[in-house]
Amino acid sequence: MAETQQVDAKAERRAARLTKQINAFAKEHGGAEAQVAHIGERGARIVLVGEDGGWGDLVAPSVEIAGQAVEKAGVTVHESFDGEFAAKVRTGPYEWTRMAGIQLGGPKNG
């Protein structure tokens with residue numbers, strides 16, 4: 001019983017930290033929306049898109065903890081990263097260069 005309580009307390013602390021990070025992102029970007037995706041043994045990825053088109057992501061140890069964090073943060077959560085939600089993302093020169101490098105055989109050093 002004590003071990004279960006310790007695991008639950010650890011999960012709650014992790015969810016609280018993620019919630020704080022989501023709220024900070026939302027404040028910096030005029031609001032935020034999210035999408036949670038399972039990424040295997042590593043847990044879940046929380047993709048955040050700000051009202052200004054800025055984006056970022058966080059990794060949670062599980063889909064459940066990610067779900068708790070986005071719920072506590074009060075952001076809109078999308079089932080998938082497509083259509084209208086994806087269109088809100090604004091990319092800059094870095095992303096375009098990086099994407100082009102990957103398409104042409106990988107990022108270049110230097």
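These legends describe close-up views of one predicted model.

Residues are numbered from 1 along each chain as its sequence is written, and side-chain values use heavy atoms, with hydrogens and water left out. Because the model is predicted, local features need pLDDT of at least 70 and side-chain atom pairs count only at pLDDT 80 or more, while totals for chains, interfaces and linings use all residues.

View 1. Helices (H or I, at least four residues) and strands (E, at least two) are DSSP runs, numbered from the N terminus. Starting at the N terminus, the order of elements is α-β-β-β-α-β-α-α. The chain has 110 residues, and 32% of them are buried. Buried means under 20% relative accessible area, exposed over 50%, and partly exposed in between (1.4 Å probe, protein chains only). A contact means heavy atoms within 4.5 Å. Of the contacts in the chain with a separation of 6 or more, 53% come from residues 24 or more positions apart.

**View 2. The largest nonpolar core holds 19 residues.** Such a core is a set of buried Ala, Val, Leu, Ile, Met, Phe, Trp, Tyr and Cys residues joined through side-chain atoms within 4.5 Å. Leu-18, Ile-22, Ile-46, Leu-48, Val-70 and Val-75 have the most contacts inside the core. Helix H1 (2–28), strand E1 (32–38), strand E2 (44–50), strand E3 (55–60) and H2 each give two or more residues to this core. In soluble globular proteins, nonpolar side chains tend to be buried together. Leaving out residues up to four places away in sequence, Ile-22 touches Ile-46, Leu-48, Leu-58, Ala-69, Val-70, Ala-73 and Val-75.

**View 3. Helix H2 (residues 63–73) has buried residues and, on the other side, exposed ones.** Ile-65, Ala-66, Ala-69, Val-70 and Ala-73 are buried. These residues lie on the same side of H2 because they cover an arc of only 130 degrees around the axis. The arc is taken from the directions from the helix axis to the C-beta atoms. Glu-64, Glu-71 and Lys-72 are exposed on the other side. Just after H2 comes Gly-74, with a positive phi of about 75 degrees.

**View 4. Strand E2 pairs with E1 and with E3.** Two strands pair if DSSP finds at least two bridges between them. E1 and E2 run antiparallel and are joined by seven bridges. E2 and E3 also run antiparallel, with six bridges. Val-47 in E2 is the bridge partner of Gln-35. Val-47 also stands opposite Asp-57 in E3. Ala-44 stands opposite Ala-60 in E3. E2 is mostly covered, with six of its seven residues buried.

**View 5. Two hairpins carry glycines with positive phi.** In the hairpin of E1 and E2, five residues lie between the strands, and Gly-40 has a positive phi near 85 degrees. The hairpin of E2 and E3 has four residues between its strands. Gly-53 in that turn has a positive phi of about 90 degrees.

**View 6. Strand E3 has a covered face and an uncovered one.** Gly-56, Leu-58 and Ala-60 form the covered face. Trp-55, Asp-57 and Val-59 form the uncovered face. In a regular strand the side chains alternate between the two faces of the sheet.

**View 7. Lys-88 and Glu-33 form a salt bridge.** A salt bridge is a side-chain nitrogen of Lys or Arg within 4 Å of a carboxyl oxygen of Asp or Glu. The closest N and O atoms of Lys-88 and Glu-33 are 2.4 Å apart. The pair links distant parts of the chain, 55 residues apart: Lys-88 sits in the loop between helix H3 (83–87) and helix H4 (93–103), and Glu-33 in strand E1. Glu-33 counts as buried, at 8% relative accessibility. Lys-88 is partly exposed, with a relative accessible area of 29%. Beyond residues up to four places away in sequence, Glu-33 touches several others, including Val-47, Thr-76, His-78 and Phe-85.

**View 8. Asp-57 and Arg-45 form a salt bridge.** A search of the whole structure finds two salt bridges. The closest N and O atoms of Asp-57 and Arg-45 are 2.6 Å apart. Asp-57 lies in strand E3 and Arg-45 in strand E2, 12 residues apart. Asp-57 is partly exposed, with a relative accessible area of 39%. Arg-45 counts as partly exposed too, at 32%. Side chains of opposite charge can pair when their charged atoms come close.
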